[in-house]
Amino acid sequence: MRIRPRRQILNVWSSLLASCYRDGVWIWGGRAGSNSISDAEQLLCILYPATQIESFALHDPDQVADDVREALSPLGRRIGMRVLDVLDDYLQRYERDGRPIFSADSYLRCFPGAEPTESQRALDVVDSYSRSLTLCLAGLQFLGSLRGVGARQAEWLEGTIEPVQERLNRRLTAAMVGLVRSFVVRSVDPATPDGQVMLSMLNQTESAPEAVVAAGARKLERVRSRLRRDVTLTKTPDSDLEDKGLLFECGWSWGVVRDAQEIDFVDIPLSSSKGHAAGRPYLYFTIAALDGINDLTQPRTRELDLLDVEQRRLADALQLRWDLAQRYWSTMARFGSGRWPLEDIPWRTADGEESDYFSLCVSALLIQDLVARVVSDDDLTRATPIFDQLARRGRVTSRLTAHDSARSLHVPGVALPLEGSEIVDDGPRLYWFVSDYAPMLLKRTLQAAQLSGTLTTRDRLLELAQKTMDHLERRAFQEGPAKGLWDDADRYFAAESTNNDSAAYPFEESDAPSWYFTERIIECLVVAERAYRDPPLRSPTSASRSLDLLNEADHLLNQRFLELSEKDHTPNRRALENIEKKLLRARAFVEERPGTAHSLCADALRELDELDFATRDAMRGE
C-alpha cells in the first residue's frame with residue numbers, strides 16, 4: 001500500500017486510545033509490561049507527531065484539525081490539557097525523591113532457567129536515556145506551546161505547567177548525563193581475537209594487516225585526534241589513542257560504563273550513579289543514542305531556548321560525541337578502495353558475533369552520517385543495493401522458507417548480551433532483544449530517499465519503502481484490543497510458515513500491543529511526512545524539454561495576439577487569455593516542477609492548435 005503518513009498516524013492514534021484509554025483513565029503498559037522505556041514509547045506515539053508535524057499540533061483546542069480531533073475524541077475537547085496530565089503522570093511514575101529512574105525492568109531478559117535480580121531490573125540503560133531525551137524535548141516544546149495559548153485563556157494554567165516543566169528539566173538533565181557517561185572509546189590490539197575480527201571486516205582486498213592498520217590510522221586521524229583532544233568529560237579509562245598501531249572503536253555501551261567519571265557540575269543525581277556496563281560500544285545502543293541526540297541537535301531546540309546553561313554544556317558534549325561516532329562508523333562502513341566492508345554481509349562485530357541485523361545497524365549509521373553532512377549521490381546509489389539485499393535476506397520482501405533462520409531477526413529478535421550486568425548481585429547475565437529489523441529498514445530507506453538527488457535511486461528506495469510498509473501493515477493486529485497496533489508477529493509468521501514450520505519456532509502469543517514496535521512505526525511515518533514535504537526531484541532533461549515547449553507555446557500565443565484586434569472581446573480573446581495564464585504558471589514551475597510545467601505547456605499547445613484549426617476551417621467556409 002502507499003505510505004500515507006497523515007492517515008496512518010491518525011489510525012494509530014485511534015487504535016492507541018481504544019487500547020489504553022478507558023473511562024477517562026490512561027492505562028500504562030503493553031506486551032512487555034510497564035517500565036520507563038515502554039511507557040515513554042507509548043506516550044511518544046502521540047506526543048512525537050504532535051510536536052514534529054505542525055498540522056498535528058494539540059496545544060490549542062481552537063486550532064486542532066477536524067480529523068485530528070476525531071481521532072483523539074476520547075480525550076475530550078481540551079486534548080492538550082489531557083496529554084499534559086498523562087505526561088505529568090509518566091514523570092511522577094519514574095522519579096523517586098527527585099531522582100529520575102531509567103531502569104529497563106521488564107525489557108531485560110535472561111535465558112530460560114534464570115531470573116534477573118531486583119537490582120538488575122533497576123539498572124539504567126542507554127535506551128531509556130535516549131527515549132527520555134526525545135520525550136523531554138517534545139514535552140518542553142509542548143509546554144511552550146500550551147503556555148502561549150494559556151496566556152490568552154487562563155492564568156491558572158501557569159501553575160499547572162511549572163511543576164511539569166521542573167520534572168521534565170530534571171529528567172532531561174539526568175538523561176544527558178547518562179548518555180555522556182555511557183559513551184566509550186576502546187583501543188584494540190590487532191593481534192588479539194577482537195583485533196583480528198575487525199581486520200577481517202576492514203581488509204576486503206587481502207592486503208597486509210600492517211597496511212590495513214596504517215590505512216585505518218590515516219582515515220581516522222581526525223576522529224582519533226578529536227577524541228584525544230576534545231572529549232574531556234568522562235574520558236574512557238584505559239583507552240590508548242596515542243598509539244597508531246592500535247585499532248579503536250567508539251560509540252555507546254548499554255549503560256553507564258564501569259569506572260566512568262562523575263560529572264561534577266550537575267546536581268541532579270542518577271538513580272544508579274555507579275556504572276556496570278562493559279567498556280565497548282554496541283551498534284544498537286549507539287544508534288539509539290544518536291537518534292536521541294539528533295533531536296537535541298535540531299536548530300529549533302536552540303531557537304525555542306529549551307535548554308538551560310547546564311544542559312547546553314551537556315548538549316555540546318553530546319553533539320561532539322554524536323559527530324565523532326557517526327564519522328567513525330561511516331568511515332568503517334566504506335573503508336578501503338575496493339568492496340565496502342558494509343557490502344560484506346553479514347557484519348561481524350569485534351566480539352565475533354555476526355548478523356544481518358548488524359549490517360542494517362551499520363547501514364543506519366552510514367545514512368545518519370550522510371544526513372548530517374553534504375554528500376555525493378554516489379554513496380547513496382551504492383548503498384541502495386545493500387538495503388535491497390538486507391530486505392530480501394530479512395524476508396521483508398521475499399518469501400519465508402522452511403526452518404528459515406531469518407525469522408529470528410524478527411521473533412524473538414537478536415539477543416545482545418549486556419556484559420557487566422552479571423556482576424550486579426552475582427546475578428545471571430542479562431540480554432537485550434532487538435526485534436526492530438523491519439522498522440529500522442523502513443526508516444533508513446526513507447531517510448536515504450530524502451537525501452538522494454538521483455531520480456532512479458530515489459524511485460528505487462521509495463519502492464523498497466512501500467514494500468517494507470506492506471510487510472509491516474500485515475504484521476499489525478487485525479482484531480482484538482490492540483487492533484491497528486503492532487506487533488502481531490505470531491499470526492504473521494504462522495501464516496508465512498511452510499511445512500508446519502511454526503512448530504519449530506514457538507511464539508509468545510499475546511494480544512497486547514508492543515509499544516517498542518509501534519513507536520518505531522510512528523517514527524517512520526514522521527520521517528515519511530518530512531520526505532513528502534520536500535519538493536520533487538528536478539530532472540534536467542525534463543526541465544529542458546519543458547522549456548522547449550514553453551518557448552514554442554509562448555511564441556505561438558504572441559502570434560495569435562498579433563492577429564487580434566484590441567477591441568475584440570469575443571470568446572477567442574478569453575481563450576487566449578486563459579492560455580496566457582497557463583503559460584505564466586508553467587514558467588513559474590519550470591525549474592522546481594518541470595513535469596507540471598510540461599503538462600501545462602502541452603495543454604496550451606493543444607488549445608492553440610484547436611484555435612488555429614477553427615480559424616482555418618472558418619476561412620475555408622468563406
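Helices (H or I, at least four residues) and strands (E, at least two) are DSSP runs, numbered from the N terminus. This is a predicted model, in which local features need pLDDT of at least 70 and side-chain atom pairs count only at pLDDT 80 or more, while totals for chains, interfaces and linings use all residues. Residues are numbered from 1 along each chain as its sequence is written, and side-chain values use heavy atoms, with hydrogens and water left out.

A cis peptide bond also runs from Trp-486 to Asp-487, with omega near 15°. Asp-487 belongs to the loop between α17 (455-474) and α18 (489-496). In the loop between β4 (99-100) and α5 (118-121) lies Asp-105, a residue other than glycine whose phi is positive, near 50°.

Helix packing is set out next. Two packed helices are described by the angle between their axes and the distance between the axes. Axes are lines fitted to C-alpha atoms, for helices over the stretch in contact, and angles run from 0 to 180 degrees between N-to-C directions.

| Helix pair | Angle | Axis distance |
|---|---|---|
| α11 (283-297) and α13 (309-333) | about 130° | 10 Å |
| α2 (36-52) and α19 (515-533) | about 15° | 8 Å |
| α10 (221-229) and α13 | roughly 150° | within 10 Å |

Angles under 35 degrees count as roughly parallel, over 145 as roughly antiparallel, 65 to 115 as roughly perpendicular and the rest as oblique. A crossing is left-handed if the near helix is turned anticlockwise from the far one by less than a right angle, and right-handed if clockwise.

α13 has 25 residues and spans 36 Å from first to last C-alpha, close to the 36 Å expected at 1.5 Å a residue; the expected span is 1.5 Å times one less than the number of residues. The N-terminal end of α13 is capped by Asp-308, which places a side-chain oxygen 3.2 Å from the backbone nitrogen of Glu-310.

Given their angle, α11 and α13 are therefore oblique to each other. Their crossing is left-handed. The contact (heavy atoms within 4.5 Å) includes Leu-290 and Ile-293 of α11 and Trp-322 and Trp-329 of α13. Its residues comprise 9 nonpolar, 5 polar and no charged. Here Ala, Val, Leu, Ile, Met, Phe, Trp, Tyr, Cys and Pro count as nonpolar, Asp, Glu, Lys and Arg as charged, and the others, Gly among them, as polar.

α10 and α13 are therefore roughly antiparallel, and cross with left-handed sense. Among the contact residues are Arg-222 and Arg-226 of α10 and Asp-323 and Arg-327 of α13. This contact divides into 5 nonpolar, no polar and 4 charged residues.

α2 and α19 are therefore roughly parallel, again with a left-handed crossing. Residues of this contact include Tyr-48 and Gln-52 of α2 and Val-526 and Arg-530 of α19. By class there are 8 nonpolar, 4 polar and 5 charged residues.

Which residues does Gln-52 contact, leaving aside neighbours within four places in sequence? They are Arg-300, Val-526 and Arg-530. The Gln-52 side chain makes polar contacts with the side chains of Arg-300 (3.0 Å) and Arg-530 (2.2 Å). A polar contact is a pair of N or O atoms within 3.5 Å; within protein, one must be able to donate a hydrogen and the other to accept it, and residues adjacent in sequence count only if both atoms are side-chain atoms.
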